[in-house]
Amino acid sequence: MSLVEPILTREEIADLLAAIKAGKVSTDLVENSQPLTRRSLASTEIDLFRTYERSRISGEMRIPNLDIILDSFTRKFSTSLTNTMQRNFSVEREEIATTDFQQSLLDLKSQGAVGIYSVAPLKHGCLFHFDTLMAFTMLEIMLGSSQSSESLALDRNLTTIEIAILKTIMTDICNELHNALRPVADLEIHLSKVENNFRLVSIVEPETEVLVTRFNIRLAGELCGQMRFIVPYLTLEPLREKFKALATIAQAAANTWVDTLAHETLEMESGVIARSGQINMTIRALLALQPGDIVDLPYNPDQPLTVMVEDQPLFLAIAGERNGKKAFHVTGRYSNRLGGIHGGN
C-alpha cells in the first residue's frame, strides 16, 4: 500500500499561512531533512532624523546655475592661457562635487601650488590649485622651453622662485573669474598669496562644506595638468538668490537678441519687380531673336500685375504714372485662388 500525503483542511491552511506571515514557519528548502543556511545581508543603520547628508556629487544642486558661471570662466581662462603663453591651450570642466574643507586639502596630496583669493565683499574667499604637472608645464613655457618639449611632473616641491613665477598666471585668474561672475555680482577678486605648504592654507574650519570643481588643462590637445577650484559654500550662499535669477537674466538676454534680429531684418533691402507676364522660350528661340522681333506676352491689360519680392509673388498691383514716372498701385495680396483677379484693397 502506498502512502498518501495528508490533505490539510481549510482551517489548517489558514493557520499555516498565518504562521508563515508571522515568521514562525520557515519557507527555506530542505536537503536531507536539514534546513538550508539562511543568507545574511549586510545592513547599515540610518538616522531618520538626519535631514541632510553631504554628497560628493551634489554640488550643482547646492548653488543653482553655478555651472553656467564656471563654463563661462572655463572659456575665458582658456583664451587667457592661450594669449599669455602663446600656445594653444584648452580647458575642460568636470562636474561640481561637495566635500569638507579638510578632505579637499587631503585630496591635493601636498603637491603643486595653491593660490588663496579674497572675494570682497564676500567672506572666506576661495582657492585655485595647480597640480604638479600643470605647474611645471607652465614654468617650462614661461622659462623659454621649446615647442617640442614634453611636460614633466617633477617629484619635488616648488621653490620660492617658481611660485613667484606662477603668480602671473594665478593673477590672471582674478580677472577671468570676475568677468564670469559679473552677471551675478560685481565682486573684487584679488590673489592674496600662493603656497606650496598646505598646512598654511586655511580659509575656513576643517569641517566646513566646500564645492570642488576640477579643470583639465590641455596643450595642443594633450593633457598637461589639472586645476581645482575650491570655494566654501558659505562664500556663495549670500548670492544664492542671484544665482537662481541667472536663468531669467539669460532668458531676457535671449529675448533681446530675438528682438534685435527681428528689427535688423526689417531694415534689410529686397528686390521688388512688377511683372506683367511670363513666358517660356527655348534656347533656340532666344538665339534666333533679331532686332525688331515682337514677343507676345500672355498679358491682359485689364488684369493686375504680379508684384514679385525676391522671386516670390506677394502682391497684385495696377500699372500707372505718378509725377512723370512709372509706378504701380498695390491693390491686394497675391494668392493662387485669386489668380489674375484684383485682390481686396
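Author: Just after α3, glutamine 86 takes a positive phi of about 55°. Helices here are DSSP runs of H or I with at least four residues, strands are E runs of at least two, and both are numbered from the N terminus. This is a predicted model, where local features need pLDDT of at least 70, side-chain atom pairs count only at pLDDT 80 or more, and totals for chains, interfaces and linings use all residues. Residues are numbered from 1 along each chain as its sequence is written, and side-chain values use heavy atoms, with hydrogens and water left out.

Reader: OK, how many residues does α3 have, and how far does it reach?

Author: α3 has 20 residues and reaches 28 Å from first C-alpha to last, close to the 28 Å expected at 1.5 Å a residue (the expected span is 1.5 Å times one less than the number of residues).

Reader: And which residues of α3 are buried?

Author: Among them are Leu66, Ile69, Leu70, Phe73, Phe77, Leu81 and Met85. Buried means under 20% relative accessible area, exposed over 50%, partly exposed in between, using a 1.4 Å probe and protein chains only.

Reader: At what angle do α3 and α5 pack?

Author: About 35°, with the axes 10 Å apart. Axes are lines fitted to C-alpha atoms, for helices over the stretch in contact, and angles run from 0 to 180 degrees between N-to-C directions.

Reader: Which residues meet there?

Author: Phe77, Leu81 and Met85 from α3 meet Met134, Met138, Ile141 and Met142 from α5; contact means heavy atoms within 4.5 Å. That contact divides into 7 nonpolar, no polar and no charged residues. Ala, Val, Leu, Ile, Met, Phe, Trp, Tyr, Cys and Pro count as nonpolar, Asp, Glu, Lys and Arg as charged, and the others, Gly among them, as polar.

Reader: Switching topic: is glutamate 176 buried or exposed?

Author: Buried, with a relative accessible area of 12%. Glutamate 176 lies in helix α6, residues 160-181.

Reader: What is glutamate 176 in contact with?

Author: Leaving aside neighbours within four places in sequence, glutamate 176 is in contact with Phe73, Lys76, Phe77 and Ser80. Glutamate 176 and threonine 79 are 97 residues apart in sequence and 9.6 Å apart in space, C-alpha to C-alpha.

Reader: Back to the whole chain: how many helices and strands?

Author: There are 10 helices and 12 strands, and 32% of the 345 residues count as buried.
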